Amino acid sequence: MPTRKANAQWNGDLKDGKGTMELESGSYKGAYSFASRFKNGDGTNPEELIGAAHAGCYSMALSNELAKAGYDPQSVETEANVTFEVTDDGPTITKVKLITEANISDIDEDTFHEFANGAKEACPISKALSGTEILLDATLLTTAK
């Protein structure tokens, strides 16, 4: 398995500085700042990128587990809401809520939720965030059983 890389550069102090983050693949390069991280300023932030990684990883993990079990996942769409708070230990990602909708034929609701929860535990990004509370809200869009 390859080692993936990303790069970040920061110029200046925390509150007045600014920076850029870039993926090795070249598919993303964007600005970030104190305002984009701690307020609602323009640009991205590390938590948003973690959310994108977690949503992508989870969608792939759920699709894979369903396909391995003989189901046909037509689509899995996941949103990750990353909660970033200042705690007694300092700024911390305290929670990630995954909200997923899956279009899968011929699966019952209980079986779908078993796979959805299993994928939450098996996803490599979930494992990397093991010190963070991870919640799941999974919706099955198509049932034809």
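Start with the sheet: its 3 strands lie in the order E1-E2-E3, the sheet is open, and the pairing is antiparallel. At the edges sit strand E1 (6–11) and strand E3 (29–33), each of which pairs on one side only. On average, neighbouring strands of this sheet are turned by 20 degrees against each other, direction ignored; the axes behind that angle are lines fitted to C-alpha atoms (for helices over the stretch in contact), with angles running from 0 to 180 degrees between N-to-C directions.

Zoom in on E1 and its partner, strand E2 (residues 18–23): the two run antiparallel and are joined by 6 bridges. One spot to look at is Ala8, which stands opposite Met21 in E2.

A word on what you are looking at: this is a predicted model, so local features need pLDDT of at least 70 and side-chain atom pairs count only at pLDDT 80 or more, while totals for chains, interfaces and linings use all residues. Residues are numbered from 1 along each chain as its sequence is written, and side-chain values use heavy atoms, with hydrogens and water left out.

Now for the charged pairs. Side chains of opposite charge can pair when their charged atoms come close. Searching the whole structure turns up 3 salt bridges, meaning a side-chain nitrogen of Lys or Arg within 4 Å of a carboxyl oxygen of Asp or Glu.

Take Arg37 and Glu47, whose side chains meet at 2.6 Å, N to O. Arg37 belongs to helix H1 (residues 34–38) and Glu47 to helix H2 (residues 46–68), so this pair ties together parts that are 10 residues apart in sequence. Glu47 is buried at 6% relative accessibility, whereas Arg37 is partly exposed at 31%. For those words, buried means under 20% relative accessible area, exposed over 50%, and partly exposed in between (1.4 Å probe, protein chains only).

Next come Lys68 and Glu65, with a salt bridge of 3.4 Å, N to O. Both sit in helix H2, 3 residues apart, so about one helical turn separates them. Lys68 is exposed at 59% relative accessibility, and Glu65 is partly exposed at 26%.

That leaves Lys120 and Glu121, whose side chains meet at 3.6 Å, N to O. Lys120 is buried, with a relative accessible area of 14%, but Glu121 is exposed at 53%.

Note on methods
Helices (H or I, at least four residues) and strands (E, at least two) are DSSP runs, numbered from the N terminus. Two strands pair if DSSP finds at least two bridges between them.
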